Amino acid sequence: MTVTLNAYNVIATRCAAEYLGMHEAIEKGNLIYKIDVFLSSSIFRSWKDSIILLQTSKSMLPLVEDLKVVSHCIESIANKACVDVSKVDWSYTYNRKKLPEENGIESNQNGLRTRLVPKDWWVEDLCELEVDLYKSVITNIKSKAVQSNEVIGEALKAYAYRRLPNFSKGMIQCGDVSKHRLIVETIVWLLPTEKGSVPCRFLLKLLKAAIFVESGDRTKEELVKRIGQQLEEASVSDILIQAPDGATIYDVSIVQNIVREFFMKNGNAEIESVGGDELEGIRKPGILSDASKLMVAKLIDEYLAEIAKDPNLPLPEFVNLAELVSSISRPAHDGLYRAIDTYLKEHPAINKGEKKRICKLMDCRKLSVDACLHAVQNERLPLRVVVQVLYFEQLRTAASSGTSTPDIPRGIKDLNNESNGSSRSGTTNPEDELDAVATAEELKALRKELASLRLSNGVGNNDKDGDNKPSMDKAVMSKVKGLLKSKKSFIKIWASKGGQGENSGSDSSESMSSANPEEAKSTPSRNRRHSVS
């Protein structure tokens, strides 16, 4: 009887021979012996036959495990995956882009130019394996410490894209949720520990998939931690994660957790360095560079501008996220201004106190010329913000003329804190005035008065003694108060020019807090002294 063995039927044949007891003790050269020779001399030497054999073993579990055939097959595959690429002379499936350093070609000893075998040549063929067998093979490959973490990461990426439907779009098609959950959690478990082994974008796709298939908290926390370690690589579209409960469009809380992990990276580095050598540790900077901080700040500003479009987004979620990156010093606040303006536009019903709270996030001194032009025409901003923008525009003019920029008058600084003292005085309520909307004529007059006061009081000159500063402070605030009290209510700002000069800045934001904390505690009499008209 002639039996033709191949990679597809040899496992079933071996199990049948074991069941029938076809051992050497019964007859020399029995079927079990012949199959074992065939496996070691043919199947295990072939790359693709080994993978086919491993695939067919699924239906023969657990009997095939007792025969040690699966473990030998996994070892054979792992050994081939770890062989030097110069010795790879068998066929393999490869339709992917090579790693960046493998795009060239080299010459052999005969002068013939041959294309290099990519380091991740084995990745696609292993995607054919079911998740439990795939996990066993990758674990074996990692244990040999031959393949780099980047190549292991490429293998996991390929498996995710092959096995999770619509994974490339940041979502998973409806199907066997439990199966997809197992795949996601297995990939996360197999991720190399070193930062940069896989791109941040891939980690964020994994996080979206983990949320969709309802993976455990441990899986999601691990992904949040890894994403936080390389958040500067992400883009806005990457971190736009759909909210699972549907109360809001996006899950802002999980982005807050990621940002916290980003800053924890810096704190952990400082603790470790101080613990090792205190003197050296003090001199060592954290592992967060200024460039990475700026990139994250810009990222969050752009993210805020996107989530601000959600009419159901609570103000505390917006403010809390913005405050997480407020410690990052940046040159301009155009990005944050755009986010704030978007929020005010989509949430017209918020009260004056909430407007004041959100506007405190930005520093008017760090707005570009185009952003200032838009701000002074913005009917959604409180008047206190418009006054500050107008005044700092005058300071900018002084600086551009080549003269030194003067200190900010305390009256302008106190615009955001004035209501505390004045409300205690029991007279007028500047909160209503400063949060109202002014007419175009009044703002035009205010700009003119500020400019004339700047010239007449010597603002911008190199006055080292600073004697004119108190009088300048009182004069500016006197004019401001006079203009503000000229009417009891105000109409829209420059309605005929609405939206002109809008600039979507690319710079990031910083917490406003332009008022000194000490001045925030000013007494009522002090506040009244700065508001005398």
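## H347 and its loop

H347 sits in the loop between helix 17 and helix 18 (352–359). Helices (H or I, at least four residues) and strands (E, at least two) are DSSP runs, numbered from the N terminus. H347 counts as buried, at 8% relative accessibility. Buried means under 20% relative accessible area, exposed over 50%, and partly exposed in between (1.4 Å probe, protein chains only).

Leaving aside neighbours within four places in sequence, H347 is in contact with A308, D310, P311, N312 and L313. Contact means heavy atoms within 4.5 Å. H347 and P314 are 33 residues apart along the chain, and their C-alpha atoms are separated by 9.6 Å.

## Model and conventions

This is a predicted model, in which local features need pLDDT of at least 70 and side-chain atom pairs count only at pLDDT 80 or more, while totals for chains, interfaces and linings use all residues. Residues are numbered from 1 along each chain as its sequence is written, and side-chain values use heavy atoms, with hydrogens and water left out.

## The chain overall

The secondary structure comes to 26 helices and two strands. The chain has 533 residues, of which 47% count as buried. Take the contacts in the chain with a separation of 6 or more: residues 24 or more positions apart account for 76% of them.

Helix 16 spans residues 315–324. Its residues L315, F318, V319, L321 and A322 are buried. They cover an arc of only 165° around the axis, which puts them on the same side of helix 16. The arc is that of the directions from the helix axis to the C-beta atoms.

The largest nonpolar core has 127 residues. A nonpolar core is a set of buried Ala, Val, Leu, Ile, Met, Phe, Trp, Tyr and Cys residues joined through side-chain atoms within 4.5 Å. In soluble globular proteins, nonpolar side chains tend to be buried together. W122, L126, I141, L231 and F318 have the most contacts inside this core. Not counting residues up to four places away in sequence, F318 touches L304, A308, L313, A339, I340, Y343, I358 and L361.

## Helix 7 and its two partners

Helix 7 (residues 131–143) packs with helix 9 (residues 177–190) at an angle of about 5°, with the axes 11 Å apart. Axes are lines fitted to C-alpha atoms, for helices over the stretch in contact, and angles run from 0 to 180 degrees between N-to-C directions. Helix 7 and helix 9 are therefore roughly parallel. Angles under 35 degrees count as roughly parallel, over 145 as roughly antiparallel, 65 to 115 as roughly perpendicular and the rest as oblique. Helix 7 contributes V131, Y134, K135, I138, T139 and K142 to the contact, and helix 9 contributes L182, I183, T186, W189 and L190. By class, these are seven nonpolar, two polar and two charged residues. Ala, Val, Leu, Ile, Met, Phe, Trp, Tyr, Cys and Pro count as nonpolar, Asp, Glu, Lys and Arg as charged, and the others, Gly among them, as polar.

The axes of helix 7 and helix 8 come within 11 Å and cross at roughly 170°. Helix 7 and helix 8 are therefore roughly antiparallel. Here V131, Y134, I138, I141 and K142 of helix 7 meet I152, A155, L156 and Y159 of helix 8. This contact divides into eight nonpolar, no polar and one charged residue.

## Backbone exceptions

A145 lies in the loop between helix 7 and helix 8 (149–163). A145 has a positive phi of about 55°, although it is not a glycine. With a relative accessible area of 66%, A145 is exposed. N166 is in the loop between helix 8 and helix 9. Phi of N166 is also positive, near 65°, in a residue other than glycine. N166 is partly exposed, with a relative accessible area of 24%.

The peptide bond from L61 to P62 is cis, with omega near 5°. P62 belongs to the loop between helix 3 (47–56) and helix 4 (63–66).

## Two further buried loop residues

I328 is in the loop between helix 16 and helix 17 (334–346). I328 counts as buried, at 4% relative accessibility. I328 and L294 are 34 residues apart in sequence and 7.0 Å apart in space, C-alpha to C-alpha.

P382 is in the loop between helix 19 (369–375) and helix 20 (383–400). At 1% relative accessibility, P382 counts as buried.
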